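Open the model in your viewer and keep the sequence panel beside it. This tour tells you what to select next and what is there.

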Amino acid sequence: MNKTLILALTIAFSSFASANETSSVDLTTSVEGLKTVAVETSFEAYDVDQDGLISLDEALTNEALSVAFTTLDIDQDGDLSEDEFSNFSE
Ligand SMILES: [Ca+2]
Ligand SMILES: [Ca+2]
């Protein structure tokens with residue numbers, strides 16, 4: 001029973017992790033909306049290893065950010081720069 005749950009979670013995570021390769025067109029419009037909201041969230045708060053980029057692992061600490069991650073990652077390098085992160089607001 002637990003195995004089924006783990007499998008389901010694994011599949012869910014895999015599809016999330018590969019979202020970079022798939023279309024995120026639907027999310028593009030929501031980024032436009034986010035841009036109008038003042039960004040008060042701290043880039044440094046998410047950049048745990050302080051390498052100047054927010055990785056997907058770091059983004060996973062915030063549900064809203066992890067959902068928006070692939071949309072915010074405009075150059076699709078798998079990390080959010082401070083510029084890319086500036087489009088995010090909780
Ligand atoms: Ca980092
Ligand atoms: Ca990026």
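Select Leu56. Leu56 sits in helix 4 (residues 56-59). Helices here are DSSP runs of H or I with at least four residues, strands are E runs of at least two, and both are numbered from the N terminus. This is a predicted model, in which local features need pLDDT of at least 70, side-chain atom pairs count only at pLDDT 80 or more, and totals for chains, interfaces and linings use all residues. Residues are numbered from 1 along each chain as its sequence is written, while chains are lettered from A and ligands numbered from 1 in the order in which they are written.

Is Leu56 buried, exposed or partly exposed? Leu56 is partly exposed, because 18 other C-beta atoms lie within 10 Å. The cut-offs are 20 or more such atoms for buried, 12 or fewer for exposed, and partly exposed in between, with C-beta atoms placed from the backbone. Leaving out residues up to four places away in sequence, Leu56 touches Phe69 and Gly78. Contact means C-beta atoms, placed from the backbone, within 7 Å. Draw a C-alpha to C-alpha distance from Leu56 to Phe69: it reads 7.1 Å, across 13 residues of sequence.

The largest nonpolar core has nine residues: Ile54, Ala59, Leu65, Ala68, Phe69, Leu72, Leu80, Phe85 and Phe88. Helix 5 (residues 63-72) gives the most to this core, four residues. A nonpolar core is a set of buried Ala, Val, Leu, Ile, Met, Phe, Trp, Tyr and Cys residues joined through C-beta atoms within 7 Å.

Next, select Leu80. Beyond its neighbours within four places in sequence, Leu80 is in contact with Leu53, Ile54, Ala59, Phe69, Leu72, Asp73 and Phe85.

Now look at two loops. Gln50 lies between helix 3 (43-46) and strand 1 (54-55). Its phi is near 55 degrees, a positive value in a residue other than glycine. Most residues other than glycine have a negative phi. Gln50 counts as exposed because it has 7 C-beta neighbours inside 10 Å.

Move to Gln76, in the loop between helix 5 and strand 2 (79-80). Phi of Gln76 is also positive, near 55 degrees. Gln76 is exposed, with 10 other C-beta atoms within 10 Å.

Finally, zoom out. How many helices and strands does the protein have? Six helices and two strands, in the order α-α-α-β-α-α-β-α. Of the 90 residues, 16% count as buried. Among contacts with a separation of 6 or more, 55% join residues 24 or more positions apart.

Note on methods. Contact = placed C-beta atoms within 7 Å.
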